[in-house]
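Good morning, and thank you for making time for this item. I shall go through one structure, and I ask that you keep it in view while I speak.

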Amino acid sequence: MANAEMGATGVGREYSHRTSAGVGGGMIRRIFRSVTDMPGQVALLLSEQPSEARLLSFVLLSDVFFALAWSIEALVAPSPTVSVLIGSDLALFLVIALIFRTTLVYALALAVAVGMRFAGFGGTIRETRTGVLWGSLVAAPIGFVVAMAVLGITALSADSSGAGYDALQVLPVWIGAVPFLWFVAKGAAAANRSDKSFRIFVVLGLGAVALALMLRVLAA
């Protein structure tokens, strides 16, 4: 009986440790640790076999930082480009943007997973998707800080008009894409037990530039 009670207690403690690490303070600690130890944190995450609901929570949490950045920019120092994008209803814009961003992140995760599978990497599609979605969450706070730093510079600018100011206002979007792509690449590489994160980052960066150029041509 005593052994059974000890076994039940041990299982309970292990379950508590595994589940609490995914929420609250445990989530914050994991994000910080992933900055320097993505392979270890992704391996731990994969060992827990996260559900789709938990993976979705990673994307939604990263969406929060995206929404905060755009909201602050729209209220503190909106440029002509930002004003046109947002229009007269900030709340409606954020809802549409979050839906679009969530869909885009999931599409990117699936594309990276399928691409790496065809490229001969060892991870499954689900494992790579998990690494990519986790990487998007790790990058979100960093992208937010970078966006706020650039926004602070533009808000203090003496000249708040003209093409130069407008271009500077859009700069946080492009700068914020760098940590996003970097940690997505790190997460994908970690999920595949690979050290080729820089190569993945380069491929993602070239793909992003090509997509931006194509959209620019279509919009012209």
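Let me begin with a term: a residue is called buried under 20% relative accessible area, exposed over 50%, and partly exposed in between, with a 1.4 Å probe and protein chains only. By that scale E127, with a relative accessible area of 21%, is partly exposed.

Two remarks on the source are needed. This is a predicted model, in which local features need pLDDT of at least 70 and side-chain atom pairs count only at pLDDT 80 or more, while totals for chains, interfaces and linings use all residues. Residues are numbered from 1 along each chain as its sequence is written, and side-chain values use heavy atoms, with hydrogens and water left out.

The confidence comes next. pLDDT is the predictor's confidence in each residue, from 0 to 100. The chain averages 78, and 68% of the residues score at least 70. Helices here are DSSP runs of H or I with at least four residues, numbered from the N terminus. Confidence is lowest in helix α1, residues 2–20, at a mean of 39, and highest in helix α3, residues 38–47, at 95. Over residues 1–24 the pLDDT is below 50, and beyond near neighbours in sequence this stretch has eight contacts in the model, a contact being heavy atoms within 4.5 Å.

I turn to charged pairs. Side chains of opposite charge can pair when their charged atoms come close. A salt bridge is counted when a side-chain nitrogen of Lys or Arg lies within 4 Å of a carboxyl oxygen of Asp or Glu. By this rule there are six salt bridges.

Which residue does E127 pair with in a salt bridge? The partner is R193, with the closest N and O atoms 3.1 Å apart. R193, at 59% relative accessibility, counts as exposed.

A salt bridge also joins R129 and E52, at 3.1 Å from N to O. R129 belongs to helix α7 (residues 125–155) and E52 to helix α4 (residues 52–76), so that the pair links distant parts of the chain, 77 residues apart. R129 is buried, with a relative accessible area of 12%, whereas E52 is partly exposed at 35%.

Another salt bridge is formed by E48 and R54, whose closest N and O atoms are 2.9 Å apart. Both E48 and R54 are buried. Through shared partners, salt bridges join R30, E48 and R54 into one network.

T128 is also in helix α7. Is T128 buried or exposed? It is buried, with a relative accessible area of 0%. Leaving aside neighbours within four places in sequence, T128 is in contact with several residues, including V112, M116, A188 and N192. The side chains of T128 and N192 also make a polar contact at 3.0 Å; such a contact is a pair of N or O atoms within 3.5 Å, where within protein one must be able to donate a hydrogen and the other to accept it, and residues adjacent in sequence count only if both atoms are side-chain atoms.

Finally, the aromatic rings. Rings of Phe, Tyr and Trp (its six-membered ring) pair if their centres lie within 6.5 Å; planes under 30 degrees apart count as stacked, over 60 as edge-to-face and the rest as tilted. The structure holds four aromatic pairs. One of them, F198 with F201, is tilted, at 6.3 Å centre to centre and 40° between the planes. Both residues lie in helix α9, three residues apart, about one turn of the helix. F198 is exposed, at 55% relative accessibility. Ring pairs link W182, F198 and F201 into a cluster.

Definitions and conventions: Helix = DSSP H or I, 4+ residues; strand = E, 2+ residues; numbered from the N terminus.
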